[in-house]
Amino acid sequence: MGQNHTVKRAETIVQIAQQYGFRAWEPIWNHDANSGLRNLRPSAHVLALGDKLYIPDKELAEFSCETNQSHIFRVRTMKQWIDQIMLDEANQPLAGKRYELKVAGKSFSGETGGDGGLREEIPLSAKTAELKVWIDSSDQSALTWKLRLGDLDPVETTYGLKGHLSNLGYACGGVDDQFNETVKKALREFQGDHGLRVTGESDPATREKLQSLFTYVEESAG
């Protein structure tokens, strides 16, 4: 018999699968018992505190092999990446900019792509990272961000709403579960910038627009 798992803050589907000894997250997420959660959450990688996830029993794979022969078996392993798109204040890509990413004791460096994006494979256990981007060749131009990996909740929750707004540069007074005047002001600014009806409320059109500005990468296995 399988078991139920209650999602903790900043817990990812990849980490949950690893915790229960799976080599891929898809058998968990695609199980029939999780159809309700799939309908509620568009992405397996953006879960909310308290979500209920059914963990099925692992299925044994059987293979027929000849005796007195050598056989090669390839074992599937999970992987995860950090995908980040860097934009300037005018929402234009910071393309061709040198960057350095530090995560779990490792350091990665390169240049952002034409869309301002970068992509690096990171350890499954990583929870935080530091990203530095140089706007030009001088050291003084470097900008640094502290990243909380897997900490973006669904936009339907207050925590997720503030996380999405904050990532886009709208001041929310910190990312927590408090919906206050600071959040309403940030929402009004976002709505005005994107041609939405300015209400200061988290209405469906605003949530849809917020979500459309984020790309949730679904691959995680190799």
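I take helices and strands as DSSP runs, numbered from the N terminus. The model I am reading is predicted.

**Entry: A10**

I looked up A10 and placed it in the loop that joins strand 1 (3–6) to helix 1 (13–19). Its phi is near 65 degrees, which is positive, and A10 is a residue other than glycine. Is A10 buried or exposed? I noted a relative accessible area of 14%. The cut-off for buried is under 20%, so A10 is buried.

**Entry: N68**

I then turned to N68, another residue that is not a glycine and has a positive phi, here about 60 degrees. I found N68 in the loop between strand 2 (52–55) and strand 3 (80–85). Its relative accessible area is 79%. Exposed means over 50%, so N68 counts as exposed.

**Entry: helix 4**

I went through helix 4, residues 158–167. How many of its ten residues are buried? I have seven, so the helix is largely enclosed by the rest of the structure. I listed the buried ones as Y159, G160, L161, K162, G163, H164 and L165. What do these buried residues pack against? I found strand 8, helix 5 (181–193) and helix 6 (204–212). Just after helix 4 comes G169, and I noted a positive phi of about 95 degrees for this residue.

**Entry: a nonpolar patch**

I looked at the surface and found a nonpolar patch formed by I135, L143 and W145. Together the three have about 230 Å² of accessible area. Where is I135? I traced I135 to the loop between strand 7 (128–134) and strand 8 (142–148). Strand 8 had already come up in my notes, as one of the elements that the buried residues of helix 4 pack against.

**Entry: cysteines**

A disulfide is a covalent bond between the sulfur atoms of two cysteines. I searched the whole structure for disulfides and the count is zero. C172 has 4% relative accessibility, so I put it down as buried.

**Entry: summary**

I have A10 as buried and N68 as exposed, with a positive phi at A10 and at N68. I have helix 4 as largely enclosed, and I135, L143 and W145 as a nonpolar patch on the surface.

Notes: Residues are numbered from 1 along each chain as its sequence is written. This is a predicted model: local features need pLDDT of at least 70, side-chain atom pairs count only at pLDDT 80 or more; totals for chains, interfaces and linings use all residues. Side-chain values use heavy atoms; hydrogens and water are left out. Patches are made of residues with over 30% relative accessible area and no salt bridge: like charges are joined within 9 Å, nonpolar side chains (Val, Leu, Ile, Met, Phe, Trp, Tyr) within 5 Å. Accessible areas come from the Shrake-Rupley method with a 1.4 Å probe; for residues, only the protein chains shown count as cover. A salt bridge is a side-chain nitrogen of Lys or Arg within 4 Å of a carboxyl oxygen of Asp or Glu. Helices (H or I, at least four residues) and strands (E, at least two) are DSSP runs, numbered from the N terminus. Buried means under 20% relative accessible area, exposed over 50%, partly exposed in between (1.4 Å probe, protein chains only). Contact means heavy atoms within 4.5 Å. A disulfide is a pair of cysteine sulfur atoms within 2.5 Å.
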